[in-house]
2 protein chains.
Amino acid sequence: MTAVERGGDLSVRRSSKGAPEPVDAEILRARAYLIRVAEPPAPHTGRFVDRVGAVAAADAIRRGDVSSEVARETSARRAADRVDADLAAAADSGARLLVPEDPDWPHWPFACFALAPSDELVPPLALWVRGAGSLGGLTERAVAIVGARNATGYGMHVASDLGSGLAAAGQTVVSGAAIGIDGAAHRGVLATRGSTIAVLACGPDRAYPPSHAALIERVAATGLVVSEYPPGAVPARHRFLVRNRLIAALAAGTVVVEAALRSGAQRTAADARALGTVLMAVPGPVTSTASAGCHELVRRGALLVTSAAEITEATGRLGIDLAAPLPRPERPTDVLDETQLLVHDALPTRAARDIGWLAVEAGLAPDTIRAALVELEHRGFAVHREGRWQRTVPTDAPDSR
Amino acid sequence: MTAVERGGDLSVRRSSKGAPEPVDAEILRARAYLIRVAEPPAPHTGRFVDRVGAVAAADAIRRGDVSSEVARETSARRAADRVDADLAAAADSGARLLVPEDPDWPHWPFACFALAPSDELVPPLALWVRGAGSLGGLTERAVAIVGARNATGYGMHVASDLGSGLAAAGQTVVSGAAIGIDGAAHRGVLATRGSTIAVLACGPDRAYPPSHAALIERVAATGLVVSEYPPGAVPARHRFLVRNRLIAALAAGTVVVEAALRSGAQRTAADARALGTVLMAVPGPVTSTASAGCHELVRRGALLVTSAAEITEATGRLGIDLAAPLPRPERPTDVLDETQLLVHDALPTRAARDIGWLAVEAGLAPDTIRAALVELEHRGFAVHREGRWQRTVPTDAPDSR
């Protein structure tokens, strides 16, 4: 079996009817070539491919027979045809190339790119994916959690907790496998045996950061590791920034958990906003610089969220994924109306008083007092002896503030 | 000197021209009667007084010659004329009666009551005030800080800090003198020698809570203690709820610092919203129930604030009280555009490489690489030897997330 055949086989997906729908090997090879040649984001190349198709576009780029815009994005690497090597290296590491022609392509999530105002925000030409999950299936209900590398214990706890909660609610959690918040979110999902997607800024066969190699393997075991960089590609600052748009685009909403005022997470947040997905932020102490970026995002319109339920409500199915109302403390006197409360306030706890005294104390007419007392007695708040009334139930201190 | 004359003298205020403008003693006595007879809020009595004037209204109420609505608010206490006793007790404790006919009345802040949708939200018939400050002057630039009694150390720290910061910015801080957030806010102001107003739910001559007696004295020494309850009046739950509307109304905006989902602070927040003033909340850890009410307020539209500067900006003079932009961390590479950053990422740190190599690495055309390198060299990011280039400045790790 050649590397090409292996690459082709690996991209076979099953339709809903159970019949395999292999992507044409020629298309797959063309996309493998394009994604290696054009450093993402490559808006002109993307539009060219959309117009003429992947195979024709790859041929034209190989020959150099393209517009100056496409040439600018492809001329440097067009001669270096590494298709066979990339497909082989991917297959060796268990990765496969997912292309827009594949039914598993996340067409619906990526529809958000059509709204984007910037040439930086374009869909990938293809994606290298590694793992047990199906990208189309996993992104049907997905939320991104991103945040600071130098997170606090608070942030790590919250990210892990939200990851677990979202997984329990059947959501896929998308993140970037970074140290800090990203890692905590992935781990929270895995602890609940949920599905999570790690979008890398290096080749799908590499683990970055190296200390997260085991975590990335665990993500692949049940979910997916995704990258638009070919096998062997190294992470670079530019690639982290470009990668962030994919994290935002693969999810219905992005939650920022701890972020300094300037950070990669802020960039992902900006992408989420530009892509028209739901931007959310988790607050923290105002004394913590780690939360300053989150507070700034809320001040600029991001939704403040405090729980997986609130996130699911904001990103979920209308009228179905509603967060339960938060439990509110209750007092026995909640059943009383304003007038009854006023009379109840006036009732002495030790000595009993008559209605005339209560009228002056509460500032209400005797008839009003009488009606309120009937209700208070009925509900067990007042007792009377020989025409004088007092309280029955000991209540809280008067300072209800 | 009789108690009446003392009461009259105490209400003398000076106009901007320095001439005293004593309020007519008859009006003062009428208001003292009305505020004792009608338990606040008394919307019908208030409208009756607005229509016929305080003196005529008091006379009619004394005779019982009023509508059934006004009678309902006044009949229980109308016979008990305690004007002399109240004015004497107030004078003994250093308090005076401030009435709407006095130029020091906070007409402008109280204009918000005109917007209120509820009969619960009506202005007071008069106010007992005690302290060195002028209510009209102090409320020209005022912010309310309210919050939980059972505050955390975090909340106490933030409330005190905001109090100090607002005082330093020339704002008066209005609060309720309660244990917890209220007390911390007052103390923060006093530590900066600023002005603060405590609105009580009992008579102006009483200190509630008793443990805050010394604090309330310190508030009066430079600011004001304010109450619509007559001398000797005891605090009651109903009065705390009713009092909260005055805290909200005396300030251009209300800041909630820690509040459970149900609390007096939430009631003040609801009043602020209904009165059309600026409602703000300080976030905290989502793991803290003490902040849950604040987060809920933000989710329902309150402005998230993290500093005195942000509060002043939200409540202050347009275009003048702007918060300074938050300091953002900077990197040397901030000056580079996307293409230059891409080339910079591609530049090796150890061995130098030629432009052809860099073109493939960065995925950019050689001409683009060349132009970027000129700029990178000019800015000191790249050096070249014999046609080969490398980085000069060591930069951060590539993971910029």
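**Group meeting: the chain A and chain B pair**

Chain B goes onto chain A by a rotation of 180° with 0.1 Å of shift along the axis, and the RMSD is 0.1 Å. That relation is the one a two-fold axis gives. Bear in mind that this is a predicted model. If you want to find the axis on the screen, go to B:Gly284: of the C-alpha atoms in chain B, that one is nearest the axis, at 2.3 Å. Both copies use the same surface, since 100% of the contact residues of chain B recur in chain A.

Now the contact itself. Chain B puts in 53 residues and chain A puts in 54 residues. On the chain B side, several helices supply at least two residues each, among them α9 (153-168), α12 (237-249), α13 (264-275) and α18 (366-378). Sorted by class, the side of chain B that touches chain A holds 31 nonpolar, 12 charged and 10 polar residues.

The crossing of the two, α9(B) and α10(B), is right-handed. On the α9(B) side, the contact residues include B:Gly155, B:Met156, B:Ala159 and B:Gly163. From α10(B) come, among others, B:Ile181, B:Ala184, B:His186 and B:Val189. By class, the contact of α9(B) with α10(B) has nine nonpolar, six polar and two charged residues.

Terms used:
Residues are numbered from 1 along each chain as its sequence is written. Chains are lettered from A and ligands numbered from 1 in the order in which they are written. This is a predicted model: local features need pLDDT of at least 70, side-chain atom pairs count only at pLDDT 80 or more; totals for chains, interfaces and linings use all residues. Copies are superposed by least squares on the C-alpha atoms of residues with pLDDT of at least 70 in both. Two residues are in contact if their C-beta atoms, placed from the backbone, lie within 7 Å. Helices (H or I, at least four residues) and strands (E, at least two) are DSSP runs, numbered from the N terminus. Ala, Val, Leu, Ile, Met, Phe, Trp, Tyr, Cys and Pro count as nonpolar, Asp, Glu, Lys and Arg as charged, and the others, Gly among them, as polar. A crossing is left-handed if the near helix is turned anticlockwise from the far one by less than a right angle, and right-handed if clockwise.
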